[in-house]
Amino acid sequence: MRKKIAAGNWKMNTTPNEGKELVKNIMAGSPELKVHQEVYFFPPFTHLAAIAEVTGKQNFYTGAQNCSQHEKGAYTGEISTNMLKAIGAGHVIIGHSERRSIFGESHEILKEKSSAVIAAGLTLVFCCGETLEERESEQHYKIIDRQIKESLSHVTKDDMKKVVIAYEPVWAIGTGKTASPEQAQDMHGYIRTLLKSYFDETVASQTSILYGGSVNAANAKELFSQADIDGGLVGGASLKPEEFIAIIQALP
Ligand code: PGA
């Protein structure tokens with residue numbers, strides 16, 4: 001069975017103390033996770049070490065929202081995968097649409113970052129997603145294909161065991177507008193056909209694909225019950241303990 005995952009992307013929110021409190025509340029209020037279920041917290045870098053200390057057990061893990069593509073050196077302000085690993089991060093999000101659009105991260109940079117995450121032995125949470133304009137002009141399949149082809153398809157089949165994909169339509173992120181379960185399922189099914197063509201049938205059937213974009217306690221169950229949706233990458237609702245606990249409870 002594929003892993004079913006609830007991942008909280010906190011973005012630039014919470015202080016370290018607030019973050020610790022949030023994780024404590026969520027872990028205390030969550031049901032015991034089944035073997036195939038996992039929960040990931042993605043706090044800002046500054047709280048990672050403290051949060052990694054309380055996770056790493058009962059299928060709760062901590063990861064980073066970004067990393068440098070470089071190993072070390074004169075890159076002021078950057079954080080390397082080895083630094084993340086050393087403080088207990090097990091996962092890194094790469095290719096979030098905010099990194100692509102606000103920070104100008106290109107397909108090439110995201111390819112290098114994906115390679116850096118894999119080389120460090122960390123789990124890569126690779127995001128893809130189209131804008132509203134791209135969907136309305138029916139470019140969405142082409143866009144997703146390009147994002148995966150350019151920045152992920154170089155990964156070996158074996159290393160794909162450490163990759164989770166998150167499909168996040170940009171028009172659904174932080175807007176309160178969710179893709180319908182049918183729209184999301186349709187794209188997740190398409191992503192599996194891409195995985196089959198770039199890798200093989202095994203990779204296509206074993207890779208967890210999360211949906212992201214205004215997931216909340218009210219819509220999680222229906223989204224997660226779709227055949228190719230293996231959980232969610234959650235922004236806003238992951239900062240509210242009751243909401244995120246309900247999302248965890250909605251995991252199949
Ligand atoms: P949202 O964000 O749940 O607030 O829409 C999702 C994300 O950006 O990962």
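Reader: Which of the 13 residues around the ligand come nearest?

Author: In this predicted model, whose residues are numbered from 1 along each chain as its sequence is written, local features need pLDDT of at least 70, side-chain atom pairs count only at pLDDT 80 or more, and totals for chains, interfaces and linings use all residues. Side-chain values use heavy atoms, with hydrogens and water left out. A residue is near a molecule if one of its heavy atoms lies within 4 Å of it, and Lys11, His96, Glu168, Gly174 and Ser214 come nearest to the ligand.

Reader: Which atoms of Lys11, Glu168 and Gly174 lie by oxygen atoms of the ligand?

Author: A polar contact is a pair of N or O atoms within 3.5 Å. For Lys11, a polar side-chain atom lies 2.7 Å from an oxygen atom of the ligand; for Glu168, an N or O atom in the side chain is 2.7 Å from a ligand oxygen atom; and for Gly174, a polar backbone atom is 2.6 Å from a ligand oxygen atom.

Reader: How should I read the packing of helix 1 and helix 2?

Author: Two packed helices are described by the angle between their axes and the distance between the axes. Axes are lines fitted to C-alpha atoms over the stretch in contact, with angles from 0 to 180 degrees between N-to-C directions, and helices are DSSP runs (H or I, at least four residues) numbered from the N terminus. Helix 1 (residues 16-29) and helix 2 (residues 45-54) pack at about 30 degrees, with their axes 9 Å apart. That makes helix 1 roughly parallel to helix 2, a term for angles under 35 degrees. Contact means heavy atoms within 4.5 Å, and here Pro16, Gly19, Lys20, Val23 and Met27 of helix 1 meet Thr46, His47, Ala50, Ile51 and Val54 of helix 2.

Reader: At what angle do helix 7 and helix 8 pack, and which residues meet?

Author: Helix 7 and helix 8 (residues 181-198) pack at an angle of about 40 degrees, with their axes 11 Å apart. His140, Tyr141, Ile144, Asp145, Ile148 and Lys149 in helix 7 meet Asp186, Met187, Tyr190, Ile191, Leu194 and Tyr198 in helix 8.

Reader: How does helix 5 pack with helix 7?

Author: Helix 5 (residues 107-119) and helix 7 (residues 140-151) pack at an angle of about 50 degrees, with their axes 8 Å apart. That makes helix 5 oblique to helix 7. His107, Leu110, Lys111 and Ser114 in helix 5 meet Arg146, Gln147, Glu150 and Ser151 in helix 7.

Terms used. Helices (H or I, at least four residues) and strands (E, at least two) are DSSP runs, numbered from the N terminus. Angles under 35 degrees count as roughly parallel, over 145 as roughly antiparallel, 65 to 115 as roughly perpendicular and the rest as oblique. A polar contact is a pair of N or O atoms within 3.5 Å; within protein, one must be able to donate a hydrogen and the other to accept it, and residues adjacent in sequence count only if both atoms are side-chain atoms.
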